[in-house]
Amino acid sequence: MHSIKGLIFDMDGVLADTESFYCRINREALQAYGIELAEETYYNFWTKQGKGLVDFLKEHKATADVQAIRKKRTELFHAYVRETVRPLPGVEKVLSELRRSYPLALVTSSARE
């Protein structure tokens with residue numbers, strides 16, 4: 001029998017509702033370069049299809065600089081993350097209880113910051 005040595009959590013959608021946040025920063029970053037991104041398109045393209053910025057630009061025949069848009073997105077991320085992203089209801093209590101018995105870890109494809 002195996003004993004539980006620790007618990008690993010994903011951040012996005014498990015500990016925090018970040019999808020609306022990522023939608024906002026992607027829309028604003030693209031808008032800074034004259035590219036419109038509707039919310040519905042974001043959710044369909046990024047979350048349902050699992051595609052990213054490069055795919056979006058190719059499919060929409062946009063010639064914007066990918067690195068410039070990524071840089072803008074990072075700037076927006078740092079400007080908004082602390083004011084916008086909040087834990088999902090009950091997360092803090094559950095983590096507080098679990099940390100008494102288990103080591104906890106966070107995994108995410110989001111930036112380390």
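I call a residue buried under 20% relative accessible area, exposed over 50%, and partly exposed in between, with a 1.4 Å probe and protein chains only.

Ground rules first. The model is predicted, so I keep local features to pLDDT of at least 70 and side-chain atom pairs to pLDDT 80 or more, while totals for chains, interfaces and linings use all residues. Residues are numbered from 1 along each chain as its sequence is written, and side-chain values use heavy atoms, with hydrogens and water left out.

Entry: salt bridges. I looked for a side-chain nitrogen of Lys or Arg within 4 Å of a carboxyl oxygen of Asp or Glu. I get four salt bridges that way.

Entry: R27 and E39. These two form a salt bridge, with 3.6 Å between the closest N and O atoms. R27 sits in helix 1 (residues 19-31) and E39 in helix 2 (residues 39-48), so the pair ties together parts twelve residues apart in sequence. I take helices as DSSP runs (H or I, at least four residues) and strands likewise (E, at least two), numbered from the N terminus. R27 comes out partly exposed at 32% relative accessibility, and E39 is also partly exposed, at 45%.

Entry: K51 and E59. Their side chains make a salt bridge at 2.6 Å, N to O. How accessible is K51? I find 29% relative accessibility, which counts as partly exposed. E59 is partly exposed at 45%.

Entry: R100 and E97. This salt bridge between side chains is 3.5 Å, N to O. R100 is exposed, with 63% relative accessible area, whereas E97 is partly exposed at 42%.
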